[in-house]
Amino acid sequence: MDDVADNGTDPKTQPVSRRNFLGGAALAAGAGVAAAAAPSAGAAAVSARPAVQAEPIQFPKSARGFNQPMRFEANVYDCEITGKIPADISGAYVRVGPEFYFPQSLPDNGGIDGDGYINMYRIKSGRADYKSRWVKTERWKNDRAAHRQMYGNYRNPYTDDPSIRAETIAKPYLRTTANTHTIFNGGKLFACKEDSRPYQIDPKTLDTIGPYDFKGKYDSQTFSAHNKIDPVTGDMIAYGYEATGLCTPDLWAYVIDKRGNVKHTWKCKVPQVSMIHDMALTEKHMIFPFGPYVTSIDWLKTGKAHWAWDPSKPSMIGILPRNGDAKDMRWFRGPTRAMVHIVNARTDGDVVTLYAAFVDGSFVAFNGYFGNVDGTPMAKSGPAKLRKYTFDLNSKDDSWKEEIVWDTAVGDIGRIDDRFVGLPDSRYAFLSTTDTTKVTAANPRGGAAYARYDLRSGKINLYSQGDSGLGECCFVPRKGGTSESDGYLIGVASNAAEMRSELVIADAQNLEAGDLARIILPFRSSGLHGLWINDDEVDFG
Ligand SMILES: [Fe+2]
């Protein structure tokens, strides 16, 4: 899954939300989901909807205006700036997201299946440059050679062009678009999507180097776009699900040190094959949540997207001790939730606490894109709200305690000061939300906003400028500062009226003051997830 930034505002007012990019045709009634089966190379391909490409290239009307595909790579030197960029910000904000070089081949394949498009705001000495490049995956190169989209529905190789279908069924990782998140480890930059290993990217040029397997020691076919860096050791905790092929119940987790060496591997089985998009890390535990998204080879043969929603299934959260073995994974069960992104977690003795903005019902960004397992469209889901999940490892009860800690609609993508990943004294969550005092005709539910939420006191600080959309935020530590949230909050705002994107920079401890600076682009900049990399970590040139 790759995902769509959602700030809790009306989806129609979010220019960066592109889930209905090519329409959302209701899914036809299909077969129920059967037990997962391992794919076989060269298996008979069944495509309910053969790929059809109209010539010449023509995008649908929904792809106009702010959603117009970015079919070019860009360099902008000395970007226009309002305000003043603090002199101690020196590094780069690197995002990746889906873009469309060619129209999708199937009418119900949507925005989350676009080609990876990596872009970088390079900031130094109060100046900013911008650069963007395609992540040149095998898929991207094949499409360019064919002059059209060769690939079918989201993570369903059975819908690919017959000329490549047998190979993509056997090797589904060849279909990746590497469009979800950026990761930095061992001095290397990567673009990731959870259906393959990461693609290495040159941090100076953003040119694609190719798939990477961590010196031959990362053996899962897949690598999650969301991994965690232990702030104490610098180790990266990475994982892949469907690790041995399409719909396989294999969840493999890894410790990779800060020089890129795989130090440890856990090879676990999941109780049901589902989307495990994000994980949480504490000082002692790894936490793997998933909701009732289901799949199987039989399901894929119906020609639909990879996931179906089965509300009869529980949500599940696995907790694996970092000093344990794969057999020590303990699975907890709870009510139906779309469990996609987490905020943070901690371990206190035998109690594990998880903070996440999970959704009642299916994830809003998937409505009209994935369907119910019985073939009906997904119901409109409720908003994400920040929740606290408590697990008592001493209890034999395999359920959890759930509390809504902030009863306000928020974007499900929460970020923190990453120097406090999994630490017991971590205090702040950064979330996107809506400022209802900024209601306009264009934003009838209010303007987009960022919030710093104090998990101890419940105090909320708000950054709000009335933007029509705000992408995921990112925390930039202040140089020399060590206390939590001492630094800057950055994120990309959508200026739909002027058809451009603007990187906003605010003081994370004084969000109400608004912009310290904005970096203005003369066009839209896309992206789902991104990270900040300091100058002292890599030479950006
Ligand atoms: Fe994500």
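Cys-247 sits in the loop between strand S11 (236-241) and strand S12 (250-256). Strands here are DSSP runs of E with at least two residues, helices are runs of H or I with at least four, and both are numbered from the N terminus. Cys-247 is not a glycine, yet its phi is positive, at about 65°. Cys-247 is buried, with 23 other C-beta atoms within 10 Å. Buried means that 20 or more other C-beta atoms lie within 10 Å of the residue's own; exposed means 12 or fewer, and partly exposed lies in between, with C-beta atoms placed from the backbone.

This is a predicted model, in which local features need pLDDT of at least 70, side-chain atom pairs count only at pLDDT 80 or more, and totals for chains, interfaces and linings use all residues. Residues are numbered from 1 along each chain as its sequence is written.

Asp-78 also has a positive phi without being a glycine. Asp-78 counts as exposed because it has 9 C-beta neighbours inside 10 Å. The table sets out the two residues.

| Residue | Phi | Loop between |
|---|---|---|
| Asp-78 | about 55° | S1 (74-76) and S2 (80-83) |
| Cys-247 | about 65° | S11 (236-241) and S12 (250-256) |

Now the whole chain. It has 3 helices and 34 strands. Of its 541 residues, 56% count as buried. Two residues are in contact if their C-beta atoms, placed from the backbone, lie within 7 Å. Among contacts between residues at least 6 apart in sequence, 62% join residues at least 24 apart.

Next comes the core. A nonpolar core is a set of buried Ala, Val, Leu, Ile, Met, Phe, Trp, Tyr and Cys residues joined through C-beta atoms within 7 Å. The largest one holds 138 residues, and those touching the most other members are Leu-251, Ala-253, Ile-287, Ala-429, Leu-489 and Ile-490. Strand S22 (residues 351-360) gives the most to this core, with 7 residues.

What does Ile-287 contact, leaving aside its neighbours within four places in sequence? The partners are Met-279, Ala-280, Ile-317, Ile-319, Ala-345, Val-352 and Leu-354.

Strands pair if DSSP finds at least two bridges between them. Strand S15 (residues 285-290) and strand S18 (residues 315-321) are joined by 6 bridges in the antiparallel sense. Phe-288 stands opposite Gly-318 in S18.
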